[in-house]
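Reader: I am new to reading protein models. Could you take me through one, step by step?

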Amino acid sequence: MVAFNDQRAIGVLAALSQAGQNAEQQARQAVAAAVERLGQGRTDLREVVLSPQLVVRGTVAEPA
């Protein structure tokens, strides 16, 4: 069983493995995009794709 976006952080099943994004990377990209728009006048759309991370906790068994 695997959650998405670290459900552990909101107190749901602390041992639940999860796949999610790195919040620090998201924040850095958001600030960079805001600076580009506000400080440099960028008006075109920009897409940023961040790779998810798997955090293995108690709900994932070792391979047989």
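Author: Let us begin with a term. A residue is called buried when its relative accessible area is under 20%, exposed when that area is over 50%, and partly exposed in between. E36, with a relative accessible area of 22%, is therefore partly exposed. Please keep in mind that this is a predicted model.

Reader: How many helices and strands are there in the protein chain?
Author: The protein chain has one helix and three strands. Read from the N terminus, their order is β-β-α-β.

Reader: And what share of the residues counts as buried?
Author: Of the 64 residues in the protein chain, 11% count as buried. The accessible surface of the chain is about 5,100 Å², and carbon and sulfur atoms account for 57% of that surface.

Reader: What about contacts between residues at least 6 apart in sequence?
Author: Among those contacts in the protein chain, 49% join residues at least 24 apart.

Reader: Let us change topic. How many salt bridges does the structure hold?
Author: There are three salt bridges in the structure. In general, side chains of opposite charge can pair when their charged atoms come close.

Reader: Which residue does E24 pair with?
Author: E24 forms a salt bridge with R28, and their closest N and O atoms are 2.7 Å apart.

Reader: How are those two placed in helix 1?
Author: Helix 1 covers residues 23–40, and E24 and R28 are four residues apart in it, which means that about one helical turn separates them.

Reader: Now for R42. Where is it?
Author: R42 is located in the loop between helix 1 and strand 3. Its relative accessibility is 16%, so R42 counts as buried.

Reader: Which residue does R42 form a salt bridge with?
Author: The partner of R42 is E36, with 2.9 Å between the closest N and O atoms.

Reader: Which backbone oxygens does the side chain of R42 reach?
Author: The side chain of R42 reaches the backbone oxygen of D44 at 2.5 Å and the backbone oxygen of A33 at 3.4 Å.

Reader: If we leave aside neighbours within four places in sequence, which residues is R42 in contact with?
Author: With those neighbours set aside, R42 is in contact with A33, E36 and R37.

Reader: Which salt bridge does R46 take part in?
Author: The side chain of R46 meets that of E36 in a salt bridge, at 2.7 Å from N to O. R46 lies in the loop between helix 1 and strand 3, while E36 lies in helix 1, so this pair ties together parts that are ten residues apart in sequence.

Reader: Is R46 buried, exposed or partly exposed?
Author: R46 is partly exposed, since its relative accessible area is 36%.

Reader: One last topic: which residues form a nonpolar patch on the surface?
Author: That patch is formed by L54, V56 and V60, which together have about 260 Å² of accessible area.

Reader: Where does V60 lie, and how accessible is V60?
Author: V60 lies in the segment after strand 3, which spans 53–55. At 35% relative accessibility, V60 counts as partly exposed.

Definitions and conventions. Residues numbered from 1 in each chain as written. Predicted model: local features only at pLDDT ≥ 70, side-chain atom pairs only at ≥ 80, totals over all residues. Heavy atoms only, no water. Patch = residues over 30% accessible without salt bridge, like charges linked within 9 Å, V, L, I, M, F, W, Y side chains within 5 Å. Areas by Shrake-Rupley, 256 points an atom, 1.4 Å probe, with all protein chains shown as cover. Salt bridge = Lys/Arg side-chain N within 4 Å of Asp/Glu carboxyl O. Buried < 20%, exposed > 50% of the residue type's maximum accessible area, 1.4 Å probe, protein only. Contact = heavy atoms within 4.5 Å. Polar contact = N/O pair within 3.5 Å; in protein donor to acceptor, adjacent residues only side chain to side chain.
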